[in-house]
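User: I would like to go through this structure and ask, for each label, what value stands behind it.

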Amino acid sequence: MSETTYDLPDGRLFVGGKWETGSGAEIVSTFSHDGSENRRLSGASVEDGLRAIARAKAAQSDPAWLDLLPHQRARYLARIADGIEANVDRISYIQTRDTGKTRTETTALAMSAAGTFRYFAAVLETADEDLTARRGDCLTLSVHEPIGLVGAITPWNSPIASDAQKVAPALAAGNAVLLKPSSWSPLVSLELARIIEEAGLPEGLFSVLPGSGREIGNLLVEHPDIGRISFTGGTETGRRIGEQAGRKLMPLSLELGGKSPTIVFSDADMDQAIAGVLFGIFSSSGQSCIAGSRLFVAREIYDTFVARLVEATEKLVVGSPFEAATQVAPLVTFEHREAVEAYIALAREEGGRVLTGGERPEGDAYAQGAYLKPTIIEGLTNDSRTCREEIFGPVLVVLPFEDEADVIAQSNDNDYGLACGIWTKDFARAWRLARAIDAGTVWINTYKQFSISTPFGGDGASGIGREKGRQGMRVYQRQKAIYHGLGDGPLPWARLS
Ligand code: NDP
């Protein structure tokens with residue numbers, strides 16, 4: 001693992017292609033391993049946001065951008081991908097400082113962001129328009145045009161990857177993008193701005209506006225010139241943004257929270273299932289929308305499986321995100337650790353038994369950081385609040401199930417519908433469950449694997465719409481039908497003679 005340290009972005013914002021000091025409320029980025037301050041910066045004010053919108057509008061409607069052919073526009077995306085790849089170590093360092101995530105994970109996230117830009121460059125170059133089947137004396141076409149200005153609002157847990165998942169397809173589609181990262185992790189998005197600027201994207205097409213969600217996020221949602229919002233974050237925020245977008249009749253996508261079930265049948269490969277369950281919930285310290293946070297284990301293997309799971313959990317290495325051996329790093333902030341601890345207290349009140357964890361690790365190495373031990377809780381019912389609500393931390397609840405019908409019913413008895421894991425050697429059963437469970441993504445004998453070419457998103461309280469995949473670019477475009485008349489004479493309706 002790289003030992004190199006890098007300068008953090010200087011805290012200026014990227015306002016419509018210009019580096020400017022923000023005039024909004026102060027944002028303090030801290031390193032949750034030791035509480036040290038990364039950077040203190042002035043966030044974007046509404047005035048900063050309005051300037052960015054005006055510059056974006058001018059740049060997006062400029063023929064120098066608007067009239068580019070797809071393969072010409074794709075070159076910018078490919079250059080951004082190159083820029084990210086050339087800076088992976090720097091991005092990983094900044095993101096680890098910003099979020100407390102391990103270098104291993106932030107390196108993977110940076111590589112995935114480069115892959116996302118490269119993928120959408122390819123999608124753009126190969127996206128054909130449709131000549132539809134003729135049903136009359138017309139040539140009929142279905143074509144796609146940019147929406148104009150896109151607002152992208154992202155959370156703190158995987159900034160570079162979630163930024164790329166919105167910015168790459170929206171730029172590919174021919175739009176200008178205004179990105180509002182989370183106030184807890186503003187730095188890595190500013191680094192992305194530097195890379196995009198270096199790639200030569202015409203000025204004004206991209207902005208990074210860290211700032212208060214209620215102010216600058218709200219401005220993007222409400223402003224009449226913003227034609228689409230792509231939001232990733234919590235369900236309550238998503239609901240509010242959805243209501244605002246509804247009033248504006250503005251299309252949007254919402255990637256929201258989850259409480260994803262993982263199901264272990266008695267015929268599963270035990271080692272594979274244990275490793276998969278651990279990775280599913282405790283990697284990223286559980287701060288992942290697709291965390292497998294509700295574990296259902298077949299009654300006949302429940303005791304043995306849970307005993308082995310607890311043993312394996314206690315062997316996980318909790319430590320500094322800069323140590324190569326670390327598997328569970330600190331939580332993003334001290335404030336967030338308190339929110340997760342409140343859920344552990346709630347679980348106890350609801351009758352849950354903490355089988356392991358449930359407390360902060362002891363020792364000098366952890367004393368200054370937002371650390372929390374990986375926690376497993378049993379003895380709760382599926383309708384308890386601990387089982388229904390997203391905790392977004394290293395907390396797993398374990399429940400037994402009787403048979404297929406029971407586990408389908410329990411899995412689906414939840415407002416969220418983001419992901420699901422199934423561990424079994426029975427192919428037919430895996431197929432039946434994969435189709436029966438309400439989730440945007442199902443993993444069978446694996447977990448938390450991702451491909452940019454496979455659409456991702458959730459249902460119910462987990463959101464609306466899909467990102468990634470070939471269609472991932474089209475959602476940032478308007479579809480237009482063109483009928484080109486081929487007849488020689490006038491339409492027969494009018495009586496001209
Ligand atoms: P939040 O909903 O609190 O914030 C997400 C973003 O929205 C932030 O940039 C925030 O800004 C902004 N925001 C807050 N209020 C408003 C508002 N009124 N109008 C516009 N924007 C606003 O979520 P978190 O940052 O806490 O992220 C964690 C959540 O994200 C979890 O629920 C997780 O499941 C979900 N998530 C979903 C994913 C998916 O793909 N389904 C992937 C990753 C995370 P500010 O920081 O300034 O408050």
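Analyst: Buried means under 20% relative accessible area, exposed means over 50%, and partly exposed lies in between, with a 1.4 Å probe and protein chains only. This is a predicted model, in which local features need pLDDT of at least 70, side-chain atom pairs count only at pLDDT 80 or more, and totals for chains, interfaces and linings use all residues. Residues are numbered from 1 along each chain as its sequence is written, and side-chain values use heavy atoms, with hydrogens and water left out.

User: Why is phenylalanine 392 called buried?

Analyst: Phenylalanine 392 has a relative accessible area of 16%, and because buried means under 20%, phenylalanine 392 is called buried. Phenylalanine 392 lies in the loop between α14 (385–388) and β16 (395–401), where helices (H or I, at least four residues) and strands (E, at least two) are DSSP runs numbered from the N terminus.

User: Why is leucine 249 called exposed?

Analyst: The relative accessible area of leucine 249 is 77%, and since exposed means over 50%, leucine 249 counts as exposed. Leucine 249 is in the loop between α9 (235–248) and β11 (252–255).

User: What makes the phi of leucine 249 worth a remark?

Analyst: Leucine 249 has a positive phi of about 55° although it is not a glycine. Most residues other than glycine have a negative phi. Phenylalanine 392 also has a positive phi, near 60°.

User: Which domains supply the shell around the ligand?

Analyst: Domain 1 (13–256 + 462–481) and domain 2 (261–444) each give at least three residues to the shell, the domain bounds coming from an automatic or database domain assignment. The centres of domain 1 and domain 2, taken over C-alpha atoms, are separated by 31 Å.
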